[in-house]
Amino acid sequence: MTPVVPHPPLADYYDAPEEREHFVRDLFDDTAPWYDWSVAFLSFGSGGMYRRQALERAGLTKGARLLDVATGTGVVARAAAKITGDANAIVGMDPSIGMLIAGRPKARFSLVEGGGEHLPFRDESFDMISIGFAMRHFADLDTVFRECRRVLRPGGRMLILEITAPESRAARTFLGAYMGGVVPALATVIARDRKVGRMLAYYWATTRDCVRPSVILDALRGAGFSDVNRHVELGMFSEYGATK
Ligand SMILES: C[S@@+](CC[C@H](N)C(=O)[O-])C[C@H]1O[C@@H](n2cnc3c(N)ncnc32)[C@H](O)[C@@H]1O
């Protein structure tokens, strides 16, 4: 099957499509100590609260078993633990060892190194799977969504958080100037590290060039999910939901 890629290759960041995976891993490994600061900086301190509210909207409840794919430093998983009340029932997974190490001091849940394309878990192991601001990094949405569906129990829920670039040209230009220009420049100065600014610039580039929501919704349906939907907060925070 033709892969459903989240965005076309970005020549400003790597020379060939095959280099994307290593580029992304190095990007997060190199900037991991600054990741939680970047989330707070971008969201004016509301990043953890927003993730918790989104998990509640998706139906996460006390006692649920949750897999947080692309957990990074564990921002979504930590928000989930506040709802489920049992960190032992949460697993965070990420291919960047740097991100996992940076998040480990704050994590009371299990951490697993790996990408969303191969989930090393038995069928029907989890009640919910979350993917926070990382879907854009997958090689193929169909492969990841099918793996997620496999490890979810029947009736289990998926929650995918993403920023969606606005349709309007004026709004896109304005957001691009802010997220792709002002934020990376300020972050470079504050962190005194060009890589942090580059990570945030890449965040905007992948947001700008990401496939439209209809492609993501179709990929979820194509992977066998039902009750596929998209809830939007503040015009650009997309919360994709689906049920096995
Ligand atoms: C922007 S961070 C998101 C971290 C966290 N989920 C959050 O909400 O803040 C993106 C994460 O996706 C991870 N990632 C990149 N490629 C991945 C893949 N193929 N499978 C799973 N995670 C991946 C990166 O290592 C990074 O930690």
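In this predicted model, the radius of gyration comes out at 17 Å, which agrees with the value near 18 Å that a compact globule of 244 residues would have. Along the principal axes, the C-alpha trace spans about 45 × 40 × 35 Å. As for burial, 40% of the 244 residues count as buried.

On secondary structure, the tally is nine helices and seven strands. The seven strands make up an open sheet with mixed pairing, and their order is 3-2-1-4-5-7-6. Strand 3 (110-113) and strand 6 (226-233) sit at the edges, each with pairing on one side only. Going from one strand to the next, the twist averages 15°. Helix 3 (residues 47-57) packs on this sheet, where it touches strand 4 (126-132), strand 5 (152-163), strand 6 and strand 7 (237-243). The direction of helix 3 makes about 145° with that of strand 5.

Strands of a sheet pair through backbone hydrogen bonds, in either a parallel or an antiparallel way. Here, strand 1 (residues 66-69) and strand 2 run parallel and are joined by four bridges, with Leu66 standing opposite Ile90 of strand 2. On to strand 3: four bridges also join strand 2 (residues 90-94) to that strand, again in parallel, and Val91 stands opposite Ser110 in strand 3.

What about burial along strand 2? Five of its five residues are buried, so strand 2 is largely enclosed by the rest of the structure. In a regular strand, side chains alternate between the two faces of the sheet. In strand 2, Ile90, Gly92 and Asp94 point one way, while Val91 and Met93 point the other way. Residues on both sides are buried, the charged Asp94 included.

Turning to the ligand, 21 residues lie around it, and those that come nearest are Ala70, Gly72, Gly115, Gly132 and Ala134. By residue type, the shell splits into 12 nonpolar, seven polar and two charged residues.

Gly222 belongs to helix 9 (residues 213-222). The residue has 15 C-beta neighbours inside 10 Å, so Gly222 counts as partly exposed, given that buried would take 20 or more and exposed 12 or fewer. In sequence, Gly222 and Asp142 are 80 residues apart, yet their C-alpha atoms are 7.4 Å apart in space.

The other residue is Met236, placed in the loop between strand 6 and strand 7. Met236 is likewise partly exposed, because 14 other C-beta atoms lie within 10 Å. Setting aside neighbours within four places in sequence, Met236 is in contact with Ile163, Thr164 and Pro166. Glu167 is 69 residues from Met236 in sequence, with a C-alpha to C-alpha separation of 10.0 Å.

Key:
Residues are numbered from 1 along each chain as its sequence is written. This is a predicted model: local features need pLDDT of at least 70, side-chain atom pairs count only at pLDDT 80 or more; totals for chains, interfaces and linings use all residues. A residue is near a molecule or strand if its C-beta atom, placed from the backbone, lies within 6 Å of it. Two strands pair if DSSP finds at least two bridges between them. Helices (H or I, at least four residues) and strands (E, at least two) are DSSP runs, numbered from the N terminus. Axes are lines fitted to C-alpha atoms, for helices over the stretch in contact, and angles run from 0 to 180 degrees between N-to-C directions. Two residues are in contact if their C-beta atoms, placed from the backbone, lie within 7 Å. The radius of gyration is taken over C-alpha atoms; the globule rule is 2.2 Å times the number of residues to the power 0.38.
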